[in-house]
Amino acid sequence: MSKPIIGIPGNILRGVNETNGVTITYTPQGFIDGIQAAKGVPVIFPISPTEDASYYVDQIDGLLLAGGQDISPLLFGEEPHLKLEATEPARDAFEMALIKETLAQHKPILAICRGMHLLNVMYGGTLYQALSDYKELTVQHIQQTYFNTGSHTITLDTESQLGTIFGATYLVNSYHHQAIKELADSFKAVAWSKDNLVEGFESTDSEQSIIAVQWHPELMLKEDLKMQRLFTDFVKRASVAY
Ligand code: MN
């Protein structure tokens, strides 16, 4: 049996001290571990011209969108707020081109954190640019404990694919200062934090296989089998022709 190939658009470190000023393309190791443990073959894509997206997507069976920089608010019609953090417009553009091509080819997507936010914005949704600007959002979403430890509760739709894995409630880690404000019509929310932020969504189109989560399963999968199951389920989806 052949192994599904999973494309992971990489992030870029632009010459910081740790790399002696050298610019580096990378993805967090947890994504590699999760896909390999699921018997998939991970491939990291460098940020590239948007017209190259189809060359990459032609080679893969599924697309895994990782976390990272804030989404440029210009993509949802807003100017940058004071608390917006670093953006990477070239990454936004390349990942949107990859998403468009992946869905045109009816290949599955697993989106983590920033990936979830980008999907939402791309299909017409909006984001909170900085959660600390909203008094009604009372749960700490940038946790101050170990990254492999769940810090806040989510409730899930037990009829959903995420609910099938995680049940009606679960503990997840949390490292985001942005979140979904208005969810795009293409998606249905299936997981929520206690302050009612969308923590997970799936596609409303039964012809597309999309799962998006706001937490970081790649940082928890060594200790939590259900987090690994998210990757195993994704590789399984990638092995089925749509
Ligand atoms: Mn959260």
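**View 1. Ser 174 and its polar partners.** The side chain of Ser 174 places a polar atom 2.9 Å from the backbone oxygen of His 141. A second polar contact, of 3.2 Å, links the side chains of Ser 174 and His 152 (a polar contact is a pair of N or O atoms within 3.5 Å; within protein, one must be able to donate a hydrogen and the other to accept it, and residues adjacent in sequence count only if both atoms are side-chain atoms). The model you are looking at is predicted, so local features need pLDDT of at least 70 and side-chain atom pairs count only at pLDDT 80 or more, while totals for chains, interfaces and linings use all residues. Residues are numbered from 1 along each chain as its sequence is written, and side-chain values use heavy atoms, leaving out hydrogens and water. Ser 174 is buried, with a relative accessible area of 0% (buried means under 20%, exposed over 50%, partly exposed in between; 1.4 Å probe, protein chains only).

View 2. Neither residue here is a glycine: Lys 39 has a phi of about 65°, and Cys 113 one of about 50°. Lys 39 is exposed, at 57% relative accessible area, whereas Cys 113 is buried, at 6%.

**View 3. Around Leu 64 in the largest nonpolar core.** This core has 31 residues, and Leu 64, Leu 162 and Phe 166 have the most contacts inside it (a nonpolar core is a set of buried Ala, Val, Leu, Ile, Met, Phe, Trp, Tyr and Cys residues joined through side-chain atoms within 4.5 Å). Apart from it lies another core, of 28 residues, including Leu 63 and Ala 212.
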